[in-house]
Amino acid sequence: MDAGHLLAVGRVARPHGIRGRILLVPYNAESEGLTRVPALWLRAGEGEPRRFEVSRAERANLGYLVALRGVDDRDAADALRGQEALVERSELPAPDDGEMYAADLIGFAVQDQSGAARGEVVGLVAAGLQDLLRVRGPERESLVPLAFVKQVDEANRLVVVEVPEGLFELEE
């Protein structure tokens, strides 16, 4: 599967119960679509994603309780802890008007609130309950919380961010 057809949707938080179910915490707390996907791809770090068929998924207080085929006990589920969950883009509902998936921002130019060019979105990083844009500038990469995105201009492939002074000057 081409990684460009997979969208990161959440992270495996922990096993749930003794029969191998996992608690999947979605990046978008309002998401409802993950109860209907036929498969999840799980990726540890920057490794290759592995496909798992979903035998059952239900909404729970903190996310989704998901039963994956071949993951039959708590130890197998625990081995998946912390892995990023991805789904095939074609399995997700189309975004509503005026919305887009964060992964679609990759390749967009980034400007700060003063109009200064800050680089290009080169990836996404999951940090707890918020996604960060990886922005590669001329001298360094910076991580910018999605909450700082104030405007997305799809036609010009431009993201405008409102960031605290000095964010782009911070050393890694």
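**Figure 1. Leu132 in strand β9 of the predicted model.** Leu132 counts as buried, at 11% relative accessibility; buried means under 20% relative accessible area, exposed over 50% and partly exposed in between, with a 1.4 Å probe and protein chains only. The residue is found in strand β9, where strands (E, at least two residues) and helices (H or I, at least four residues) are DSSP runs numbered from the N terminus. Leu132 and Leu146 are 14 residues apart in sequence, and their C-alpha atoms are 5.5 Å apart in space. This is a predicted model in which local features need pLDDT of at least 70 and side-chain atom pairs count only at pLDDT 80 or more, while totals for chains, interfaces and linings use all residues. Residues are numbered from 1 along each chain as its sequence is written, and side-chain values use heavy atoms, with hydrogens and water left out.

**Figure 2. The β9–β10 hairpin.** Strand β9 (residues 130-136) and strand β10 (residues 141-145) run antiparallel and are joined by five bridges; two strands pair if DSSP finds at least two bridges between them. Arg134 stands opposite Leu143 in β10.

**Figure 3. Strand β2 and its two partners, β1 and β5.** Because five of its six residues are buried, β2 is largely enclosed by the rest of the structure. Pairing of β1 with β2 is antiparallel, over six bridges, and Val12 has Leu24 of β2 as its bridge partner. The hairpin of β1 and β2 has four residues between the strands, and Gly17 takes a positive phi near 75° there. β2 also pairs with β5 in the antiparallel sense, over three bridges. Ile22 has Val66 of β5 as its bridge partner.

**Figure 4. The largest nonpolar core.** A nonpolar core is a set of buried Ala, Val, Leu, Ile, Met, Phe, Trp, Tyr and Cys residues joined through side-chain atoms within 4.5 Å. The largest one has 21 residues, and those with the most contacts inside it are Leu34, Leu40, Val66, Leu68 and Leu80. At least two residues of this core come from each of β1 (6-16), β2 (21-26), β3 (39-43), β4, β5 (63-68) and β6 (84-88). A second, separate core of 13 residues includes Val110, Val121, Val144 and Val161. In soluble globular proteins, nonpolar side chains tend to be buried together.

**Figure 5. Surroundings of Leu80.** Contact means heavy atoms within 4.5 Å. With neighbours within four places in sequence left aside, Leu80 is in contact with Val12, Ile22, Leu42, Arg50, Phe52, Leu68 and Val71. Leu80 is also one of the residues with the most contacts inside the largest nonpolar core.

**Figure 6. Ala57 in strand β4.** Strand β4 covers residues 50-60 and holds Ala57, which is buried, with a relative accessible area of 16%. Not counting residues up to four places away in sequence, Ala57 touches Leu34, Thr35, Leu65 and Val66. Thr35 is 22 residues from Ala57 along the chain, and the two C-alpha atoms are separated by 5.0 Å.

**Figure 7. Buried acidic residues Asp112 and Glu84.** Asp112 is found in strand β7 (residues 109-112) and is buried, with a relative accessible area of 7%. Its side chain is joined to that of Arg118 by a polar contact of 3.0 Å. A polar contact is a pair of N or O atoms within 3.5 Å; within protein, one must be able to donate a hydrogen and the other to accept it, and residues adjacent in sequence count only if both atoms are side-chain atoms. Glu84 lies in strand β6 and counts as buried, at 12% relative accessibility. A polar contact of 2.8 Å joins the side chains of Glu84 and Arg43.

**Figure 8. Arg59 over the face of Tyr64.** Arg59 lies at 4.5 Å from the ring centre of Tyr64. A charge sits over a ring if NZ of Lys or CZ of Arg is within 6 Å of the ring centre and within 35 degrees of the ring normal.
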